[in-house]
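Reader: I would like to go through this structure with you, one element after another. Could you show it first?

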Amino acid sequence: MFSVFEYVLIAFYVAVLLVVSRWIGQQAFSWMPPQATVEAQRVDDLFSFLVSIGAFIFLGLIGVIVYAIAFHRASPEDYTEGHPSRGDARLEILWTATPTLLVVWIAFQSFNIYQQLDILGLKQIVHLHTPLESAPAYAANISDVPKPASETIDVFVKQWDWSFRYPNNVTSNQLHLPIDRATRLNLQAQDVIHGFYVPEFRLKQDIIPGRKIDIVLTPIRAGKYRLKDSQFSGTYFALMETDVYVESLDRYNQWLTQTATSEQTPVNQAVAENIQPPKTLFNSGWYTVTPAQPEVANKRKLNNDT
């Protein structure tokens with residue numbers, strides 16, 4: 001049995017662990033790229049909590065191991081076995097119930113955040129019949145409620161090119177988003193499964209051929225970012241990137257106007273690499289998709305005008 005002093009010592013150690021683990025969890029925010037959307041804040045909050053829990057468990061186990069080595073080490077001549085814990089019902093319940101409740105709580109929080117992210121078009125793929133669908137979000141407030149999207153941008157992806165069609169029928173290979181305004185992206189894959197991933201947005205959404213999947217983003221940080229394809233889709237996979245610009249509404253509208261009145265021919269890096277002569281004498285003969293020349297940025301708009 002523990003003495004009163006040992007109980008106080010354990011309580012003090014647990015309190016120190018809680019403070020240190022909480023501090024480590026707060027540091028986890030700096031491990032990620034800058035938060036560029038409202039959705040990123042919700043994802044980072046959950047990540048910080050998971051880091052705090054992991055730090056508490058790790059440091060707690062290390063402390064117990066160090067304590068056992070320092071104060072309960074058996075002598076070299078002692079070959080007796082330690083006290084068995086197998087028959088202790090209280091201990092069995094503790095180490096079974098605690099992880100179970102923790103995992104259930106994490107799953108509940110993850111589902112609530114997923115519900116808040118406003119990703120549409122997935123019910124035809126996965127439909128969840130659980131009472132959690134109608135449950136209110138944990139610690140939710142007015143700012144957590146997704147705002148209606150101000151406009152919709154169609155996103156088309158194929159091997160090896162991203163293209164975006166804006167409400168005024170302008171087509172570009174760059175993604176421009178107005179800051180502090182919810183924008184709906186209609187994701188469409190034209191050949192194989194691709195993945196929409198901007199690290200600063202904290203969203204990675206698979207794009208499945210034959211399905212239209214909508215995601216709603218609310219950018220809160222102006223700047224230039226990179227859109228990556230999170231799925232490995234062949235030879236030129238590493239070149240499946242394009243620029244993402246988050247800017248003020250005035251600059252966004254100005255860019256739309258300029259792009260609609262000027263013919264732009266973007267450069268496809270996959271095309272540039274494909275036409276280069278081979279750098280080695282060895283030819284594997286593996287099949288690869290030949291990149292198609294990118295379309296003129298606002299070709300459809302110009303043709304309609306003529």
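This is a predicted model: local features need pLDDT of at least 70, side-chain atom pairs count only at pLDDT 80 or more; totals for chains, interfaces and linings use all residues.

Reader: Which residues of helix 1 are buried?

Author: Leu17, Ser21 and Gly25 are buried in helix 1.

Reader: And what do the buried residues of helix 1 pack against?

Author: They pack against helix 2.

Reader: How many residues does helix 2 have, then?

Author: Helix 2 has 34 residues, 38–71, and its span between the first and last C-alpha is 50 Å, close to the 50 Å expected at 1.5 Å a residue.

Reader: What caps the N-terminal end of helix 2?

Author: Threonine 37 does: one of its side-chain oxygens lies 3.1 Å from the backbone nitrogen of alanine 40.

Reader: Changing topic to the strands: what is the order in the open sheet of 5 strands?

Author: The order is 5-11-10-7-8, and the pairing is mixed. Strand 5 (175–178) and strand 8 (203–207) are at the edges with a single partner strand each, so one side of each has no neighbour in the sheet. On average, neighbouring strands of this sheet are turned by 25° against each other, direction ignored.

Reader: Which helix packs on the sheet?

Author: Helix 4 (residues 249–260) does, touching strand 5 and strand 11 (241–247). The direction of helix 4 makes about 145° with that of strand 5.

Reader: Do strands 7 and 10 run parallel or antiparallel?

Author: Strand 7 (residues 194–198) and strand 10 (residues 223–229) run antiparallel and are joined by 2 bridges. Phenylalanine 196 stands opposite aspartate 229 in strand 10.

Reader: Now strand 3. Is it mostly covered or uncovered?

Author: Strand 3 (residues 161–165) is mostly covered, with 4 of its 5 residues buried. Strand 2 (residues 151–158) pairs with strand 3 in the antiparallel sense over 5 bridges, and a hairpin of 2 residues joins the two. Within that pairing, valine 155 has phenylalanine 164 in strand 3 as its bridge partner.

Reader: And what about strand 4: how many bridges join it to strand 3?

Author: There are 2 bridges between strand 3 and strand 4 (residues 171–172), which run antiparallel. Arginine 165 has threonine 171 in strand 4 as its bridge partner. These strands form a hairpin with 5 residues between them, and asparagine 169 in the turn has a positive phi of about 70°.

Reader: Last topic, aromatics. How many aromatic pairs does a search of the whole structure find?

Author: The search finds 7 aromatic pairs. For phenylalanine 232 and phenylalanine 237, the ring centres are 5.5 Å apart and the planes stand at 55°, so the pair is tilted.

Reader: Is phenylalanine 232 buried or exposed?

Author: Phenylalanine 232 counts as exposed because its relative accessibility is 66%. Phenylalanine 237, with a relative accessible area of 25%, is partly exposed.

Reader: And which residues form an aromatic cluster?

Author: Tyr166, Tyr252 and Trp255 form one aromatic cluster.

How values were computed: Residues are numbered from 1 along each chain as its sequence is written. Side-chain values use heavy atoms; hydrogens and water are left out. The expected span of a helix is 1.5 Å times one less than its number of residues. A polar contact is a pair of N or O atoms within 3.5 Å; within protein, one must be able to donate a hydrogen and the other to accept it, and residues adjacent in sequence count only if both atoms are side-chain atoms. Buried means under 20% relative accessible area, exposed over 50%, partly exposed in between (1.4 Å probe, protein chains only). Contact means heavy atoms within 4.5 Å. Two strands pair if DSSP finds at least two bridges between them. Axes are lines fitted to C-alpha atoms, for helices over the stretch in contact, and angles run from 0 to 180 degrees between N-to-C directions. Rings of Phe, Tyr and Trp (its six-membered ring) pair if their centres lie within 6.5 Å; planes under 30 degrees apart count as stacked, over 60 as edge-to-face and the rest as tilted.
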